[in-house]
Amino acid sequence: MSKKRIALLGATGSIGTQALEVVQAYPERFDIQVLTAATNAELLVQQARTFRPRVVVIADESKYLGVKNALRDIPVTVLAGEAALEEVVRDGAIDLVISALVGSAGLRPTVAAIRAGKDIALANKETLVVAGQLVMELVQKHGVNLLPVDSEHSAIFQCMVGEAGATVDKIYLTASGGPFRGKNREYLTSVSCEQALRHPNWVMGAKITIDSATLMNKGLEVIEAKWLFGLQARQIDVVVHPQSIVHSLVQFADGSIKAQLGLPDMKLPIQYALTYPDRVENNFKRFNFVDFPELTFERPDTVAFRNLALAYQAMEAGGNMPCILNAANEVVVAAFLKGNVGFLQMSDIIEETMQRAVHMAAATLDDYMETDRKSREIAVELVTKAKNLYHIAK
Ligand code: NDP
């Protein structure tokens, strides 16, 4: 068996480091060719020493010399800057690109990789949220595999294996409900960033953890699912399942439902995306029904957690609206993490940005980049206004 040659975008993040654990467990299957980071030079250098890639990229150009010097005794090419991310994925010696950057920064490198005919293991859901139609058309055109890493989408994907001829009635994406499940708007007015970062079941990067607390993560996943599985909005339902054991479900035309279950551990969906179509033995902790005598399900509360409803609205509006939603969300999450806006203000700013940004029914890659830029400008302006009010109220 020849080794799968991998470029890992976002190696220093939560998904990136777990992907490297999976790779390390199967040295006979995988070969790391490229590792990239934004600013975490120290970890990138450490990873380069362990995995010996041919190329590393540090997106933050001010860190270039530090990385270059730290790796001068090993044969590795060091590149810097965002543009280098698009360059490295085109390398002829790469079979699969793991897209594990966070935010819309993942779009261009992922598109470049698809255009170069590489298979993609996709964690960066923002790529499909921002430009789902364009990305799926490119996937078709270049005949590449787009393998989901997100646990819910991996679950749906696994349920679909062997069902090529079957009609899907609908899918159910499960959501843990986050740290504020069951809380009302009054309570949410004063919740802190530290509270929002305490996810009950998953340890993840800061952005997705806040998105999980606001239910925007589920909203982004609904849009991601629409594109990945070619579904209509009415075919995608969200159900809150606090135990995070049932990772998602598919209901077929005959009413039969298939689900994928397991302990909440991202290494499993990462491994499946890397080894697909094989299932490979591992030593991950096994799920035991006795430890979870109750698996419960409830409806999401879209009155308290408006982001999920906003994401459905953006999906129905189509065109560049999900891109506007995503850009505004990235701005408000960064502001919330800095303590500049309150929890509920995030939805207000996203909604107003959706109203103020120019909606286009169809968009090119450049249109999406421009929409992203302009929507961020609007959201930043709204954050500045909200920040003053928020600090006065505090
Ligand atoms: P992290 O914030 O932990 O990691 C992000 C990675 O991307 C880091 O390597 C970071 O580098 C790099 N990065 C960030 N911004 C840029 C940029 N502008 N240019 C280049 N590189 C950049 O995120 P996660 O691993 O949590 O999430 C990654 C993606 O996977 C997200 O889209 C998320 O929604 C999705 N996902 C994550 C899950 C999880 O369990 N974490 C579960 C399912 C999906 P540096 O470290 O140097 O900052």
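This report covers an open sheet and the ligand site of a predicted model.

## The open sheet

Strands S9, S8, S10 and S11 make up an open sheet of 4 strands. Their order across the sheet is S9-S8-S10-S11, and the pairing is mixed. S9 spans 236-240 and S11 spans 257-261. Both stand at the edges. Each has a single partner strand, so one side of each is left without a neighbour in the sheet. From one strand to the next, the twist averages 20°.

## The S10–S11 pair

Strand S10 covers residues 246-252. S10 and S11 run antiparallel and are joined by 5 bridges. Within this part of the sheet, Ser248 stands opposite Gln260 in S11.

## The ligand and its pocket

The ligand sits in the largest pocket. Two elements each give two or more residues to the shell around the ligand: helix H1 (14-25) and helix H4 (82-88).

There are 26 residues around the ligand. Those that come nearest are Thr12, Ser14, Thr39, Asn40 and Glu126.

## Backbone contacts and burial

For Gly13, a backbone N or O atom lies 3.1 Å from an oxygen atom of the ligand. For Ala38, the distance from a backbone N or O atom to a ligand oxygen atom is 3.0 Å. Asn40, one of the residues that come nearest, places a backbone N or O atom 2.7 Å from an oxygen atom of the ligand.

Taken alone, the ligand exposes 900 Å². The protein buries 86% of that area.

Note on methods: Residues are numbered from 1 along each chain as its sequence is written. This is a predicted model: local features need pLDDT of at least 70, side-chain atom pairs count only at pLDDT 80 or more; totals for chains, interfaces and linings use all residues. Side-chain values use heavy atoms; hydrogens and water are left out. Two strands pair if DSSP finds at least two bridges between them. Axes are lines fitted to C-alpha atoms, for helices over the stretch in contact, and angles run from 0 to 180 degrees between N-to-C directions. A residue is near a molecule or strand if one of its heavy atoms lies within 4 Å of it. A polar contact is a pair of N or O atoms within 3.5 Å; within protein, one must be able to donate a hydrogen and the other to accept it, and residues adjacent in sequence count only if both atoms are side-chain atoms. Accessible areas come from the Shrake-Rupley method with a 1.4 Å probe; for residues, only the protein chains shown count as cover. On a 1 Å grid over the protein atoms alone, a cavity is a set of points where a 1.4 Å probe fits but cannot get out, and a pocket is an open set with protein on both sides within 12 Å along at least five of seven lines; lining residues have an atom within 4 Å of a point. A molecule sits in a cavity or pocket if more than half of its atoms lie within 2 Å of its grid points.
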